[in-house]
Amino acid sequence: TLVCRRTVHSSTVVANKTKHMKKSIVTLITIILFVLPQIVLSQNKTFVPADFIVPDTLENQHFRIRMLTVNDVVKDYDAVMTSLSHLQEMFLPIWEWPTEDLSFEQDLIDLGWHQKEFQMRSSFAYTVVSLDESQVLGCLYIEPSKKADFDAEIYMWVRQSEVANGLDSILFKTVKKWIENEWTFKNPAYPIREINFEKWKSMK
């Protein structure tokens, strides 16, 4: 009957999604346990001093900034996919991210990668969330710089729906002050925001 066919079809869809999710989790675990540590060790460079206590949270009346983890994937994916054009304008030339076909599973893998790098102190990705944790408002990435004149590259974004509310400029000012007061970097760079992409790309 039609009902039976729909039931069988629904069961097949769920089974396929479950299968893909399990495959993604296996891939994520493999990357975290075996691939990423080798990459970090091969770089053989300390991003922050060994005795530096990495800040875990920054909170004000607008948002909370805390470590990004795989547990944020549902809300993170929503923030990214509802802000595609905005994020592509900012980051596509640099990272080739995000693309229209970014899957939930790929986002999960990305978050797992970020979380492990944070734990290994090789880079630091933070989620920016509403104070009640109901929504991801954006992200912050603090990474080692590939440019000789800088000791860190700092990127951030807010979801497209919050740009008109002025949250982007509030986040930028908040992060700059935080970096100056709480972190050890001597000359951090803010590509896109303070250095345009073409100039940044041409730097050695």
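Good morning. A crossing of two helices is called right-handed if the near helix is turned clockwise from the far one by less than a right angle. The model before you is predicted.

Let us take that contact first. Helix 2, residues 73-81, passes helix 4 in a right-handed crossing. The axes of the two helices come within 10 Å and cross at roughly 115 degrees. Angles of 65 to 115 degrees count as roughly perpendicular, and therefore helix 2 is roughly perpendicular to helix 4.

Which residues make the contact? From helix 2 they are Val73, Val74, Asp76 and Tyr77, and helix 4 contributes Phe104, Asp107, Leu108 and Leu111. By class, the residues of this contact comprise six nonpolar and two charged, with no polar ones.

I turn now to the sheet. Strands of a sheet pair through backbone hydrogen bonds, in either a parallel or an antiparallel manner. In this model there is an open sheet of six strands, in the order 1-2-3-4-5-6, and its pairing is mixed. Its edges are formed by strand 1, residues 57-59, and strand 6, residues 188-189, each of which pairs on one side only.

How are strand 1 and strand 2 connected? A hairpin of four residues joins the one to the other. These two strands run antiparallel and are held by three bridges, and within this pairing Leu58 stands opposite Ile65 of strand 2.

Strand 2 also pairs with strand 3, again in the antiparallel sense, over four bridges. Here Arg64 lies opposite Val129 of strand 3.

Further along the sheet, strand 4, residues 136-143, and strand 5, residues 152-158, run antiparallel and are joined by six bridges.

Helix 4, residues 104-119, touches strand 2, strand 3 and strand 4. Its direction makes about 120 degrees with that of strand 3.

Thank you for your attention.

Notes
Residues are numbered from 1 along each chain as its sequence is written. This is a predicted model: local features need pLDDT of at least 70, side-chain atom pairs count only at pLDDT 80 or more; totals for chains, interfaces and linings use all residues. Side-chain values use heavy atoms; hydrogens and water are left out. Two strands pair if DSSP finds at least two bridges between them. Contact means heavy atoms within 4.5 Å. Axes are lines fitted to C-alpha atoms, for helices over the stretch in contact, and angles run from 0 to 180 degrees between N-to-C directions. Angles under 35 degrees count as roughly parallel, over 145 as roughly antiparallel, 65 to 115 as roughly perpendicular and the rest as oblique. Ala, Val, Leu, Ile, Met, Phe, Trp, Tyr, Cys and Pro count as nonpolar, Asp, Glu, Lys and Arg as charged, and the others, Gly among them, as polar.
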